[in-house]
2 protein chains.
Amino acid sequence: MDTPVESTRERLLNIAEQRFGEAGYEGTSLRAITVAAAANIAAVNYHFGSKEALLRAAVARAAGPVNAERRRRLDQLEGSGQPAPEQLIRAFIEPGLDLVLRRGERGAIVARFIGRVAFDPSPRIRELYAAESEPIEKRYLTALQRALPHAAPTAVAFGFVNMLGLLALHQSQALSRAPGTEDPDDPSKLAENLVAFLVAAFDRGLRS
Amino acid sequence: MDTPVESTRERLLNIAEQRFGEAGYEGTSLRAITVAAAANIAAVNYHFGSKEALLRAAVARAAGPVNAERRRRLDQLEGSGQPAPEQLIRAFIEPGLDLVLRRGERGAIVARFIGRVAFDPSPRIRELYAAESEPIEKRYLTALQRALPHAAPTAVAFGFVNMLGLLALHQSQALSRAPGTEDPDDPSKLAENLVAFLVAAFDRGLRS
DNA sequence: GCATAGTTCAAACGGACGTTTGAATGAGAG
DNA sequence: CTCTCATTCAAACGTCCGTTTGAACTATGC
């Protein structure tokens, strides 16, 4: 293992994304986080400044690499001609769902955290996440509208909102699944199943 | 108007579903609710017993009629032979989204409230909603699996989870829509657009 | 050794929370 | 009018919240 020691700052971020993903921002107290992280409660304000700043730092650390990978893949797709809708959908979905499969590691916890923050009940929290992800989302939306010239732009935007929602849904369920509604068979196929579901809906389910 | 007077109990329920839908259960204090409802804070515990009991009562009042209509329509469909997937999807979706359109009335507030409670960050709250809606959901899932014999039951269950998620998404956005991602044109077409989206995904997006 | 900057700590801050109390108020029945 | 029971009320309960304080500790450079 190349984790020689874990700094207080890192432990706080790790526990924060675990607990915020479990019970939400409002439902998680700083005391619960600091106790689990074996840190003093004052450490949060020392390292981050406030509870919300801790959340902001956790969001940036969790969503940053995912969105970076999305940028990388979109750059690559746009570098070689007009991408197909399926390619765009896959390039957006997969970086977010690959996390879900890393159950032994931090991945599934990160996925749940992202999924819950993205659709938190509080508009304040949602905006905090949107600030992190909106630029790359907008790029994908534009690309999808170009890739689906026969559908009205508003219709594609409707589908795009659905894609964001379903991705967050399956991310937030990374560590818990209601019985009887498991993913089809092999959980590693989740991304493929979701892409297939969305591609069908985009290709044939959008009225102009 | 046939609202001669509004009892304290009714005012509390009305404000509760408005505020819980705005900021979530944890993010809304009883004091905020009682002030807005022009009621004393002790009225909540007098009429309901606790904050959670108030939420439970609000969920029952909001979701009850929606699920009743779903039962009615499923009974009717099953009374006349094998229903098509589209009929089932429509019968499930429309009762939940009709609320969204009643912007002048309480409908949109109820829709947002339901959508937020169904996917609240706290498992406790989600279970509280599930207890209300799981029976009818299970009936629809079974009916859908029968209506899609060529798809694996787990695949249909996957699609069903997506349907629940997207419905809750659009319900929760009943009173707020991110700019640039409006519903296609006529908002009254939301149900039709969502049904078309889901039908396409169910018919062609589920791998067996 | 000593000074310095970075980090951790126990303790307390004021405020907001859900809940409870017991008296005051109201309407309806006898 | 009087009794009764449901409802409302101001006030306080104890607890937990995010945040702040100032001292104690740790390590590094001189």
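This is a predicted model: local features need pLDDT of at least 70, side-chain atom pairs count only at pLDDT 80 or more; totals for chains, interfaces and linings use all residues.
## Helices α4 and α6 of chain B

In chain B, helix α4 spans residues 51–79 and helix α6 spans residues 107–118, and their axes, which come within 10 Å, cross at roughly 110 degrees. Because of that angle, α4(B) counts as roughly perpendicular to α6(B), and the crossing in which α4(B) passes α6(B) is left-handed.

On the side of α4(B), the residues that make this contact are B:Leu55, B:Ala58, B:Val59, B:Ala62, B:Ala63 and B:Val66, while α6(B) contributes B:Val110, B:Phe113, B:Ile114 and B:Val117. Sorted by class, the contact of α4(B) with α6(B) holds 10 nonpolar residues, with no polar and no charged ones.

## Helices α6 and α8 of chain B

Helix α6 of chain B also packs with helix α8 of chain B, residues 153–172, at an angle of about 135 degrees and with the two axes 7 Å apart. That angle makes α6(B) oblique to α8(B), and α6(B) passes α8(B) in a left-handed crossing.

Here the contact involves B:Ala111, B:Arg112, B:Ile114, B:Gly115 and B:Arg116 from α6(B), together with B:Ala168, B:Gln171 and B:Ser172 from α8(B). By class, the contact of α6(B) with α8(B) has 3 nonpolar, 3 polar and 2 charged residues.

## The interface of chains B and A

Between the two chains, an area of about 3,600 Å² is buried, and carbon and sulfur atoms give 66% of that area. Across the interface of chain B and chain A, 0 salt bridges are found by the rule applied.

Key. Residues are numbered from 1 along each chain as its sequence is written. Chains are lettered from A and ligands numbered from 1 in the order in which they are written. Side-chain values use heavy atoms; hydrogens and water are left out. Axes are lines fitted to C-alpha atoms, for helices over the stretch in contact, and angles run from 0 to 180 degrees between N-to-C directions. Helices (H or I, at least four residues) and strands (E, at least two) are DSSP runs, numbered from the N terminus. Angles under 35 degrees count as roughly parallel, over 145 as roughly antiparallel, 65 to 115 as roughly perpendicular and the rest as oblique. A crossing is left-handed if the near helix is turned anticlockwise from the far one by less than a right angle, and right-handed if clockwise. Contact means heavy atoms within 4.5 Å. Ala, Val, Leu, Ile, Met, Phe, Trp, Tyr, Cys and Pro count as nonpolar, Asp, Glu, Lys and Arg as charged, and the others, Gly among them, as polar. Buried area is the accessible area (1.4 Å probe) that two parts lose on being put together, summed over both. A salt bridge is a side-chain nitrogen of Lys or Arg within 4 Å of a carboxyl oxygen of Asp or Glu.
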